[in-house]
Amino acid sequence: MSTSVSNTFYEKIFLRPLGLNYDNSIVLWLTLFICGVFMGTLWYFEGDFIMSLVVLYVVGIGVLSFLKPAHSLSLLVFLVLIFDQYQIPEFNVLTYQIDFFRNLKEISFIPANEGGVFNPIEMHLLFIILSMFAILGIKRDFEFRGLPVWGAFLLFFGCFLFSFLYGLQKGGDFMVALWEVRALFYLIIIYIITPQLIRTRQQLKGLFWIFIIGISVKAFQAIYRFIDLGFTTGGLATLSNHEDPVFMVTLFILLAGFLLFKVRDKQVFWLLILLFPLLLGYYLGLRRAAYASLMVSVVVFIVLIPETQRHKLYKIGIPSLVVLILYVAVFWNNQGRPGRPIQMMKSGFERPTIEDNYADYHSNLYRENENYNLAHTIQRTPVVGIGFGRAYDQPVPLVAIRYPLRDYIPHNEILWVMVKMGSVGFLAFWIFFNSFVAKGVKIFSLLKDPYLKAVCLVIIVAVINQMVVSYFDLQLTYYRNMVYLGCLMGLLKTVEMLHKEENDELEKTDVKSRGKA
């Protein structure tokens with residue numbers, strides 16, 4: 001009786017004036033807690049507003065991870081998509097200055113601390129992992145979901161770990177080895193945790209909203225720079241991050257899947273609205289590797305879709321192909337702005353002369369010398385590789401470039417895998433990713449739901465897209481790429497489970513209807 005009276009008094013005096021009730025009263029306590037933390041840190045750091053925000057951010061993601069771990073994962077992916085790991089030449093923007101990808105001890109607005117050898121991504125992942133252990137301890141009925149192709153995954157992970165330890169045992173630099181494996185380690189962790197957290201259709205759609213918004217923000221950033229330079233690229237190498245055009249390819253495939261499978265969802269509407277900005281942002285990335293990956297992604301898309309949809313696509317695709325061929329023919333030798341995409345694609349298939357394209361000529365030459373050095377290293381240690389943390393051979397000296405890990409991480413990161421992990425690890429790498437794609441194709445063939453079918457198609461294409469672009473550019477060691485890819489790959493299990501759950505519901509409904517009949 002007294003408890004009921006006290007609850008009523010608490011609700012009437014404190015909650016109702018704020019538009020709350022007993023069920024959602026946690027909002028009041030969280031608000032008071034956040035205000036207390038902010039005021040306390042403001043006092044402790046003697047009015048340092050930035051430091052207070054940093055502490056508030058850390059506490060916030062900690063609380064969010066334990067209360068809503070799926071939301072915390074979505075927030076992490078969003079931050080990874082909108083922030084920049086590397087500075088874009090000639091632009092020093094807030095999304096880079098925030099130092100989201102640096103170790104804590106290297107972040108300019110945080111007091112120096114030699115113990116801060118981890119970055120915000122790792123801190124965020126730690127909170128999520130701890131929250132999952134807490135959930136396992138509290139919810140006895142929590143079911144750990146298995147991973148797609150878990151056997152191939154364990155084989156790859158075992159070889160990956162062996163190559164890390166082997167490189168150190170052979171005298172490799174520990175810090176360099178950490179820099180080399182960090183991104184792939186993120187992929188592994190997120191591949192494991194994503195299906196455990198993203199379990200419902202609502203959560204799946206929410207995560208794809210994160211993808212759409214985060215990637216579109218980067219397109220608009222590139223467009224802003226384009227306008228600021230007077231509607232020109234200003235002769236700059238790129239107006240966006242190297243990864244951004246790769247991400248945009250996945251949204252193009254997502255939209256194509258939505259339209260082809262006749263998905264009715266707000267995401268279709270917004271992707272159509274954002275299509276032109278995304279296309280312009282894709283062009284402003286000025287990445288030859290992204291054009292190669294787009295062409296392969298389109299081919300994979302056409303091969304995977306059912307024959308009935310393929311015939312529908314031909315009706316649109318053939319006239320578009322004719323227009324594309326005419327465009328290529330007219331601007332084949334045009335070095336101006338209209339012919340820039342053609343020249344980037346050409347340079348991937350034929351070696352440009354130094355007179356026609358000075359920058360691409362030297363870029364290709366550097367990569368050829370680099371590939372020769374990688375091949376030489378593979379011949380020297382073909383079975384187990386040299387391990388992580390050790391420099392590859394340079395019988396052909398490479399020119400100095402502004403990249404501190406030049407002697408350890410080359411542009412061609414497919415050959416890099418073989419250099420570091422040897423033929424055994426290289427085989428394990430391909431067994432894992434090929435098995436995953438095969439599993440994805442099998443699930444795709446079973447799906448009936450249009451939304452899940454489009455999502456599954458994106459997941460399959462994203463893996464192939466990433467492998468193609470990694471052959472040309474530094475993409476397996478970029479944090480943003482591996483977080484995004486790991487999340488997409490982890491969603492394959494979510495798609496599979498949603499398909500099974502919805503099929504089970506339909507079967508139950510059929511049984512009930514037959515029973516009534």
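Let's start with Asp-473: leaving aside neighbours within four places in sequence, Asp-473 is in contact with His-242, Arg-287, Ala-289, Arg-367, His-411 and Glu-413. Contact here means heavy atoms within 4.5 Å.

Before going on, a word on what we have here: this is a predicted model, where local features need pLDDT of at least 70 and side-chain atom pairs count only at pLDDT 80 or more, while totals for chains, interfaces and linings use all residues. Residues are numbered from 1 along each chain as its sequence is written, and side-chain values use heavy atoms, with hydrogens and water left out.

Okay, back to Asp-473. You'll find Asp-473 in the loop between H17 and H18. Helices are DSSP runs of H or I, at least four residues, numbered from the N terminus. So is Asp-473 buried or exposed? Asp-473 is buried, because its relative accessible area is 3%. For us, buried means under 20% relative accessible area, exposed is over 50%, and partly exposed is in between, using a 1.4 Å probe and protein chains only.

Now, one of those contacts is a salt bridge: the side chains of Asp-473 and Arg-287 pair up at 2.9 Å, N to O. A salt bridge, by the way, is a side-chain nitrogen of Lys or Arg within 4 Å of a carboxyl oxygen of Asp or Glu. In general, side chains of opposite charge can pair when their charged atoms come close.

His-411 was on that contact list as well. Where is His-411 found? In the loop between helix H15 (358-380) and helix H16 (413-446). With a relative accessible area of 14%, His-411 is buried. Leaving aside neighbours within four places in sequence, the contacts of His-411 include Tyr-366, Arg-367, Glu-370, Ile-401 and Phe-472. His-411 and Phe-472 are 61 residues apart in sequence, but their C-alpha atoms are 6.1 Å apart in space.

Back to salt bridges. How many does the structure hold? There are 17. Take Arg-480 and Asp-244: their closest N and O atoms are 3.0 Å apart. That pair links distant parts of the chain, with Arg-480 in helix H18 (residues 479-516) and Asp-244 in helix H10, 236 residues apart. Arg-480 counts as buried at 0% relative accessibility, and Asp-244 counts as buried at 2%.

Then there's Asp-407 with Arg-406, where the closest N and O atoms are 2.9 Å apart. Here Asp-407 is partly exposed at 27%, while Arg-406 is buried at 17%. And Lys-439, Lys-493, Glu-496 and Lys-500 are linked in a network of salt bridges.

Next, some helix packing. Helix H10 (residues 244-260) and helix H11 (residues 266-284) pack at an angle of about 145°, with their axes 10 Å apart. Among the residues making the contact are Met-248, Phe-252 and Leu-255 of H10, and Leu-271, Leu-275 and Tyr-282 of H11. Axes are lines fitted to C-alpha atoms, for helices over the stretch in contact, and angles run from 0 to 180 degrees between N-to-C directions.

Last stop: Leu-53, found in helix H3 (residues 49-67). Leu-53 counts as partly exposed, at 37% relative accessibility.

Definitions and conventions
Helix = DSSP H or I, 4+ residues; strand = E, 2+ residues; numbered from the N terminus.
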